[in-house]
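Have the view open as you read.

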Amino acid sequence: MEESAINVLKRAVVLDQERRFDQAIVCYEQGIGLLLKAIKGFTDNVKKERYRTKINEYMGRAEKLKQAMIKLKNAEKFNKVIQIEEDSIGHNYSTIFGDLLDITLTEVEIDDPYIRSNHQIINFIRFCALLHKSDANVRKIILNTSCENDENKQSQQKQAFSAISNNLLQNNIELVVSYSKTLHDREIRFNNGWIVKIGRGLDYFKNVPKFSLGFYDYDLRPCHETTINIFHAKHVKGADG
């Protein structure tokens, strides 16, 4: 029974990695049930405790997947519009994007032609940090942006992205940057299906004096007026499913 449990749980992990989450949940539950029965006959307490730890890990993963699937099934009815008013506060990236970053998320693609100047690149870093710290398992970030016109600034921009890429790789995240001369619209696509359209992209925070609360805490930083539209790919006409 122990071997059967291990095989079923290995299958669950593979299905999970292949994003076949409904099937993965079934295998997690079956494997956990088999393993619980198997450890009843164990006399080795160390081995029994090791398996109990793994069971708790698998149970936690299965429960989070269930919650993500419930959210996905309700996504067809979800369409949220956030209107950020001029000089309003309380709109940090965690507040805007936090609910979208579930454990099924592994890849994010950003279309934003204005991640060029220093403060815009810092905003991008803050967004990457949010992805890394969340419950999501982001392994790839794709940024589609535009180049600075000035050669010196263009060099600085590319050096900055190179440094960011190296740092992200240390955290097992790949950064792919491409440049376009025609990119205009600003949109963020998450491979768990969520799509976010932002009028000003990630650059909706105002500059503030260095020795002010909003300089360090973006939740206290005044914002430019912009509209954010959050919806799921299921809303897009012709989308699969």
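## Where the domains touch

Across the interface of domain 1 and domain 2, two residue pairs are in polar contact, both at pLDDT 80 or more. Keep in mind that this is a predicted model. On the domain 1 side, helix 3 (residues 45–73) gives the largest share of what touches domain 2, with seven residues. Sorted by type, that side of domain 1 has six nonpolar residues, four charged ones and no polar ones. As for salt bridges between domain 1 and domain 2, the count is zero.

## The two domains overall

So much for the contact itself; how is the chain divided? The domain assignment gives domain 1 as 1–75 and domain 2 as 79–238. Their C-alpha centres sit 34 Å apart.

Where they meet, 10 residues of domain 1 are in contact with 12 residues of domain 2. Together the two domains bury about 940 Å², and 58% of that is on carbon and sulfur atoms.

## Strands 2, 5 and 6

Now for the strands. Strand 5 (residues 187–190) pairs antiparallel with strand 2 (residues 107–111) over four bridges, and it also pairs antiparallel with strand 6 (residues 194–198), this time over three bridges.

Which residue takes a positive phi in the hairpin of strand 5 and strand 6? That's Gly193, with phi near 110°, in a hairpin that has three residues between the strands.

Technical notes
Residues are numbered from 1 along each chain as its sequence is written. This is a predicted model: local features need pLDDT of at least 70, side-chain atom pairs count only at pLDDT 80 or more; totals for chains, interfaces and linings use all residues. Side-chain values use heavy atoms; hydrogens and water are left out. Domain bounds come from an automatic or database domain assignment. Contact means heavy atoms within 4.5 Å. Buried area is the accessible area (1.4 Å probe) that two parts lose on being put together, summed over both. A salt bridge is a side-chain nitrogen of Lys or Arg within 4 Å of a carboxyl oxygen of Asp or Glu. A polar contact is a pair of N or O atoms within 3.5 Å; within protein, one must be able to donate a hydrogen and the other to accept it, and residues adjacent in sequence count only if both atoms are side-chain atoms. Helices (H or I, at least four residues) and strands (E, at least two) are DSSP runs, numbered from the N terminus. Ala, Val, Leu, Ile, Met, Phe, Trp, Tyr, Cys and Pro count as nonpolar, Asp, Glu, Lys and Arg as charged, and the others, Gly among them, as polar. Two strands pair if DSSP finds at least two bridges between them.
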